[in-house]
Amino acid sequence: MARVLIVDDLTDNRFVLRMQLQGDGFAVEEASNGREALALARQAAPDLVISDLLMPGMDGYTLLREWKADETLRAIPFIVYTASYTGPKDEKLAITLGADAFIVKPAKPELFFQRVHDALKKVSHAEPPPHTQKIDEEAVLRLYSEVLVGKLEQKCVQLERRIAELTKSEERIKRLNRFFSALGETNHAIARGQERDTLLETVCRIAVERGGLALAWIGMLDDVSGEVVPVAWNGVDREWFARVRRFDVRGTRHTPVEIALGEERVYVCNDLDADAALAPIRAHLREAGLNAAASCPLRSGGHIVGALTLFAGEKNYFDDTLMDLV
């Protein structure tokens, strides 16, 4: 029964590989890094070693070099089995250092075992192994450096992406917390039973000060004229509304509130520059630093009576969870 030494720092990886090899009739030993593998092999040499490359303590490349420099081990086939170093330069370095096979994990079982058995068949004690010949140390060092730098650059890119994801997630959590705080304060304002116009002004103020929005305003719909009249707002002055235009659901709809009321639906746009319908007011939106909007019809007695319109200073602000809160 052939003995195989598995070298991998991840317990799960070793378990899967051990089950596969034992199922094919191999006896299996395990090591979690290169140093441990060398110590085990020097006590009792295996018939084959299968090693990962990315490991703490001693990586697979260093183990491979030490293995092929050891007179008692160099004839034993060495298979690299990796999921981290998978590029052409990675394979070239492994072969240059003397690897008998380079396999990218996870490999199909039939391919994997074909490479394993091929490596075992190549073992010949009658002739010195082909990779005992002197290698160009400078070339190997240069290639090793290139491989490590490439992996470092790749890890840096992955880390930057992860940081960006975490930052985005953190910002979303802060945004939701602000909204929950705004909802709680709004509920208190409603419970105090304020007069309608005062309550609407309070809602807009809370949305901006507590909810972190750039602008919140409430307009009431005139059923006769179709005009939407601003009755409460926070984040801009009255003159801004005068510069934008008269809001009217009976004509061509060029604002979030007109679309929401005219089509009797919640209007959401996370990039106001991308909505062609808003072209006539785009300059005014940019002037106020508004990049995303949500406009929600307000109902009373089953009838639409107005709308609450919220603007954010950043794009992609209103996700599904936030819209539920809105």
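Which exposed residues does the face of α2 turned away from its buried side carry? They are Arg35 and Gln43. This is a predicted model.

**Helix α2**
- Helix α2 covers residues 34-43.
- Its buried residues are Gly34, Ala37, Leu38 and Ala41.
- These four span an arc of only 100° around the axis, so they lie on the same side of α2.
- The buried residues of α2 pack against β1, β2 (27-31) and α3.

**Helix α3**
- Helix α3 runs over residues 60-69, and its buried residues are Gly60, Tyr61, Leu63, Leu64, Trp67 and Lys68.
- They take up an arc of only 160° around the axis, which puts them on the same side of α3.

**Helix α5**
- Helix α5 (residues 109-121) has 13 residues.
- From first C-alpha to last, α5 reaches 18 Å, close to the 18 Å expected at 1.5 Å a residue.
- Phe112, Phe113, Val116 and Ala119 are the buried residues of α5.
- Their arc around the axis is only 120°, so they sit on the same side of α5.
- Glu110 and Lys121 are exposed on the other side of α5.

**Val7 in strand β1**
- Val7 belongs to strand β1, which covers residues 3-7.
- Is Val7 buried or exposed? Val7 counts as buried because its relative accessibility is 1%, and the cut-off for buried is under 20%.
- Setting aside neighbours within four places in sequence, Val7 is in contact with Ala31, Asn33, Gly34, Ala37, Val49, Ile50, Ser51, Asp52, Met55 and Leu63.
- Two of these contacts, Gly34 and Ala37, are among the buried residues of α2.
- Another contact, Leu63, is one of the buried residues of α3.
- Val7 and Ala39 are 32 residues apart along the chain, and 12 Å separates their C-alpha atoms.

**A nonpolar surface patch**
- Phe15, Val16 and Met19 form a nonpolar patch on the surface.
- Together they have about 270 Å² of accessible area.
- Phe15 is found in helix α1.
- Phe15 has 44% relative accessibility, so it counts as partly exposed. That class lies between the cut-offs of 20% and 50%.

Notes. Residues numbered from 1 in each chain as written. Predicted model: local features only at pLDDT ≥ 70, side-chain atom pairs only at ≥ 80, totals over all residues. Heavy atoms only, no water. Helix = DSSP H or I, 4+ residues; strand = E, 2+ residues; numbered from the N terminus. Expected span 1.5 Å × (residues − 1). Buried < 20%, exposed > 50% of the residue type's maximum accessible area, 1.4 Å probe, protein only. Arc of directions from axis to C-beta. Patch = residues over 30% accessible without salt bridge, like charges linked within 9 Å, V, L, I, M, F, W, Y side chains within 5 Å. Areas by Shrake-Rupley, 256 points an atom, 1.4 Å probe, with all protein chains shown as cover. Salt bridge = Lys/Arg side-chain N within 4 Å of Asp/Glu carboxyl O. Contact = heavy atoms within 4.5 Å.
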